[in-house]
Amino acid sequence: MNNYKYCRRCGKLYVDKGVNMCSECSSELDNMVSLIRDYISEHPGTGMIQIRDDLEISEKDILFLIKEERIEFAGSDVGTSDGVCAKCGKPVLMEKYCRECKEQMTQTMLDASDKIKKNIDANAKHTVGVLDALHGGRR
């Protein structure tokens, strides 16, 4: 049985093959990614406005590719960062941290949260044990 979906980019109904968009949009975006990456490698420090103007790719498509994490580049005309990850120095576009550092920091926070929860549980059990001992086993 075919699974039909609406393309995230153009809204056209298509048979889903795991790409989350129609084959035409997927192909167009693949071509844009290739063009943008080639352009960025030849013009380091390029910003979104320059890419839009020089390659005639819409801002909407560039932002879509950034959101999908298919392209990253440094440029003073976009975002709020200085163009490099604050942790490792890798080029980024609109974020303070690159994807890898964000994932690493998220995992570190989750691990710390788990440790805190375990300590709270252990302290609560200890407190109950102390109270039971003080009150002769009755509360």
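Where is D16 found in this chain?

1. Let's start with that one. D16 is in the loop between β2 (13–15) and α1 (23–42). Keep in mind as you look around that this is a predicted model.

2. Now for the overall layout. The chain has four helices and two strands.

3. A polar atom of the D16 side chain lies 2.9 Å from the backbone nitrogen of G18. Leaving aside residues up to four places away in sequence, D16 touches N3 and K5.

4. Next, have a look at V92. You'll find V92 in the loop between α3 (59–67) and α4 (99–134). V92 is buried too, with a relative accessible area of 3%.

5. I71 and V92 are 21 residues apart along the chain, and their C-alpha atoms are separated by 9.4 Å.

6. Finally, zoom out to the whole chain. Of its 139 residues, 24% count as buried. The chain exposes about 9800 Å², and 53% of that comes from carbon and sulfur atoms. As for contacts between residues at least 6 apart in sequence, 29% join residues at least 24 apart.

Technical notes. Residues numbered from 1 in each chain as written. Predicted model: local features only at pLDDT ≥ 70, side-chain atom pairs only at ≥ 80, totals over all residues. Heavy atoms only, no water. Buried < 20%, exposed > 50% of the residue type's maximum accessible area, 1.4 Å probe, protein only. Polar contact = N/O pair within 3.5 Å; in protein donor to acceptor, adjacent residues only side chain to side chain. Contact = heavy atoms within 4.5 Å. Areas by Shrake-Rupley, 256 points an atom, 1.4 Å probe, with all protein chains shown as cover.
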